[in-house]
Amino acid sequence: AGEAAREKVITSSWVPVANLNLPYPAYTDTDLKQRFIYVEASRGCPFKCEFCLSALDKTAYPFELERFLQEMDQLWQRGLRHFKFVDRTFNLKIATTQTILEFFLARLDADTFLHFELVPDHLPDALKACIQRFPAGSLQFEVGIQTFNPEVQALISRKQDNAKSIENLRWL
């Protein structure tokens with residue numbers, strides 16, 4: 001089955017994220033008012049789960065942060081308040097995560113709603129402190145737990161600190 005799946009993968013030359021045009025200016029005012037707007041601060045995934053096509057990526061590649069935040073500011077100025085981040089590992093680089101959260105904290109209003117996918121065993125105290133500054137209901141976290149079974153984790157090539165994940169889930 002693995003070989004058959006690989007035959008369906010269309011390979012192409014890799015384009016650095018710095019060379020990609022960000023799509024956010026293409027959203028119309030109607031889009032911003034009536035649709036979920038997906039944004040991404042990085043592309044790819046650092047995990048190598050055996051079952052996932054994202055595992056074919058070598059790692060997660062961040063967009064240049066200043067450029068990304070300028071685009072988010074433009075969306076904010078145009079009235080967008082619901083941002084759904086599709087980064088598979090938003091909290092991979094804590095300094096970047098905190099910078100993005102601080103960006104939104106500086107603009108926070110009653111309509112702000114942010115969705116992020118988090119790695120469950122990677123919530124240091126500094127990030128927890130930042131999260132706690134948001135009002136209830138303004139943040140939504142999707143937590144990527146594949147399994148808590150160590151044997152299955154080994155079989156699917158997914159490393160995770162189970163005790164830390166449980167601790168962080170309880171904290172959240």
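Helices (H or I, at least four residues) and strands (E, at least two) are DSSP runs here, numbered from the N terminus. With that in hand, let us walk through the model. The model is a predicted one, so local features need pLDDT of at least 70 and side-chain atom pairs count only at pLDDT 80 or more, while totals for chains, interfaces and linings use all residues. Residues are numbered from 1 along each chain as its sequence is written, and side-chain values use heavy atoms, with hydrogens and water left out.

Start with the overall layout. The protein chain has seven helices and six strands, and along the sequence they follow the pattern α-α-β-β-β-α-β-α-β-α-β-α-α. The C-alpha trace spans about 45 × 40 × 25 Å along its principal axes. Contact means heavy atoms within 4.5 Å. Taking the contacts between residues at least 6 apart in sequence, 71% join residues at least 24 apart.

Next comes the surface. Accessible areas come from the Shrake-Rupley method with a 1.4 Å probe, and for residues only the protein chains shown count as cover. The accessible surface of the protein chain comes to about 10,500 Å², and 53% of this belongs to carbon and sulfur atoms. A residue is called buried under 20% relative accessible area, exposed over 50%, and partly exposed in between (1.4 Å probe, protein chains only). Of the 172 residues, 38% count as buried.

Charges can be treated briefly. Lys and Arg count as positive and Asp and Glu as negative, whereas His and the chain ends are not counted; the place of a charge is taken as NZ of Lys, CZ of Arg, CG of Asp or CD of Glu. The protein chain has 20 positive and 22 negative side chains, and the centres of the two sets lie 1 Å apart.

On a 1 Å grid over the protein atoms alone, a cavity is a set of points where a 1.4 Å probe fits but cannot get out, and lining residues have an atom within 4 Å of a point. Grid points are joined across faces, edges and corners, and a volume is the space filled by probe spheres set on the points. This rule gives two cavities of 30 Å³ or more. The largest cavity holds about 140 Å³ of space. Its lining has 13 residues, among which Ser42, Pro62, Thr89, Phe90 and Thr96 lie nearest the centre. The elements giving two or more residues to this lining are β3 (60-62) and α4 (94-105).

Leu80 sits in the loop between α3 and β4 (82-85), and it counts as buried because its relative accessibility is 2%. Leaving aside residues up to four places away in sequence, Leu80 touches Leu32, Ile37 and Leu75. Leu80 and Leu32 are 48 residues apart in sequence, with 5.8 Å between them in space, C-alpha to C-alpha.

Gln70 lies in helix α3 (residues 65-77) and counts as partly exposed because its relative accessibility is 46%. Between Gln70 and Val17 there are 53 residues in sequence and 16 Å in space, C-alpha to C-alpha.

Ile10 counts as exposed at 79% relative accessibility, and Ala26 counts as exposed at 62%. From Ile10 to Lys128 the separation is 118 residues in sequence and 40 Å in space, C-alpha to C-alpha. For Ala26 and Leu105 it is 79 residues in sequence and 25 Å in space, C-alpha to C-alpha.

Our last stop is Ser157, in the loop between α6 (150-156) and α7 (162-171). Its phi is near 60°, a positive value in a residue other than glycine. Ser157 counts as partly exposed, because its relative accessibility is 31%.

Definitions and conventions: On a 1 Å grid over the protein atoms alone, a cavity is a set of points where a 1.4 Å probe fits but cannot get out, and a pocket is an open set with protein on both sides within 12 Å along at least five of seven lines; lining residues have an atom within 4 Å of a point.
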